[in-house]
Amino acid sequence: GKAKFRKNELFVGDLIPQLPTIFSSPARLFPQTYRGIRFVSNEIPNLQLEGFYVDEVRQRDSIRYTDVGTDNINHRFDKAVTTDSFYTLGGSYQLKDYRLRAYHAELKDIYQQQFLGFNGKQPLNDQLNFLSDVRFFNSEETGSKKIGEVDNRHISGLFGLNYQNHTISLGYMQSFGSTGLPFLSGTESPVVLDFMSSDYSNKDEKVYSIRYEYDFKNAQVGGVSLNGLRFMTRYAKGEDIDLLQYGDQRFKEESMEFDLGYKIPEGKLKGLGMRARFSHYRNDMPTNMTFHSTNETRLNVDYTFKF
């Protein structure tokens, strides 16, 4: 259901949120959806206020709704648990070149979380742009503490330069506190570096990353236009990982990824896209952890149309 009054909207039912504090994963054929209420207000120029209240989630591999909760990835907490409600409130403000965001969230009897961040694209001259995305999360336990202690501050940043068709970016993340970063079950970690084979969100983890992208717009080979073709590769290394139950021992992980995608830009098949992804991931963690050393290849064919 949907209702609208002036510049305010209310949605009730299946929701696909895209906020730092609640994010519907699009990584499989069927997206993760939540059941609940969403309110959005754009009454104030350049300011969007938004709130969600949800009680159940339908995961990517299920046809049924279950209670919202959090996973126990890499045994970061006492256990994986569910609860009967989650809410988040906040908003974003658009400046000339930057968007500022702030949200508060609470997963009942499990954790509460505050988020601050900004992202944007600032022109340096006619052809050179500076890109930035910075996110900070503060998380702690709440209520009956169903997963035990939650104590985490997480900072992540991605900074890049875009020149014509080229973009190169450097990223850094660090986790502080006595636990890892908590987030809702079945989705990806809400940090700036999103990798295929790991979430890089362990206790004390420091992550370094470099990324390169090339957009083939206006490029030609043998007179054939390559508009719609994009290439990306990135590397990340995480170190100083504390897995809690292994004393003073520290672990590390790293990954190298390649992504090549093509979306037909015009004609009868406009919107048809093909994408190939490859990940080379390695870690020295014990085998009872969630993520394992692996090579992974994904192939996607997508078709989007409006009617």
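This is a predicted model: local features need pLDDT of at least 70, side-chain atom pairs count only at pLDDT 80 or more; totals for chains, interfaces and linings use all residues.
## Exercises on salt bridges and strand pairing

Arg298 and Glu296 are joined by a salt bridge in which the closest N and O atoms are 2.8 Å apart.

**Exercise 1.** Decide for Arg298 whether the residue is buried or exposed, and state how Glu296 is classed by relative accessible area.

*Solution.* Begin with the cut-off, by which a residue is buried under 20% relative accessible area and exposed over 50%, with partly exposed in between. Arg298 has a relative accessibility of 17%, and therefore counts as buried. Glu296 has a relative accessible area of 22%, so this residue is partly exposed.

**Exercise 2.** Find the distance between the closest N and O atoms of Arg35 and Asp55, and explain what parts of the chain their salt bridge ties together.

*Solution.* First, the closest N and O atoms of Arg35 and Asp55 lie 2.8 Å apart, and the two residues form a salt bridge. Next, Arg35 belongs to strand β3 (residues 33-41) and Asp55 to strand β4 (residues 47-58), so the pair ties together parts that are 20 residues apart in sequence. Finally, Arg35 counts as partly exposed at 36% relative accessibility, and Asp55 is likewise classed as partly exposed, at 22%.

**Exercise 3.** Locate Asp284 and Lys252 in the chain, and say what their salt bridge ties together.

*Solution.* The side chains of Asp284 and Lys252 meet in a salt bridge with an N to O distance of 3.5 Å. Asp284 sits in the loop between β19 (272-283) and β20 (294-303), whereas Lys252 is part of strand β18 (residues 251-263), so this pair ties together parts that are 32 residues apart in sequence. As for accessibility, Asp284 counts as partly exposed at 36%, and Lys252 is partly exposed at 44%.

**Exercise 4.** State how many salt bridges a search of the whole structure finds, and name the residues linked in a network.

*Solution.* The search of the whole structure finds 23 salt bridges. A network of salt bridges links Lys203, Asp204, Asp242 and Arg250.

**Exercise 5.** Describe how strand β11 is joined to β10 and to β12.

*Solution.* Take β10 (residues 111-123) and β11 (residues 128-141) to begin with: these strands run antiparallel and are joined by 13 bridges. They form a hairpin with four residues between them, and Gly117 stands opposite Arg135 in β11. Then turn to β12 (residues 151-163), which runs antiparallel to β11 and is joined to that strand by 13 bridges; here Glu140 stands opposite Asp151 in β12.

Conventions
Residues are numbered from 1 along each chain as its sequence is written. Side-chain values use heavy atoms; hydrogens and water are left out. Two strands pair if DSSP finds at least two bridges between them. Helices (H or I, at least four residues) and strands (E, at least two) are DSSP runs, numbered from the N terminus. A salt bridge is a side-chain nitrogen of Lys or Arg within 4 Å of a carboxyl oxygen of Asp or Glu. Buried means under 20% relative accessible area, exposed over 50%, partly exposed in between (1.4 Å probe, protein chains only).
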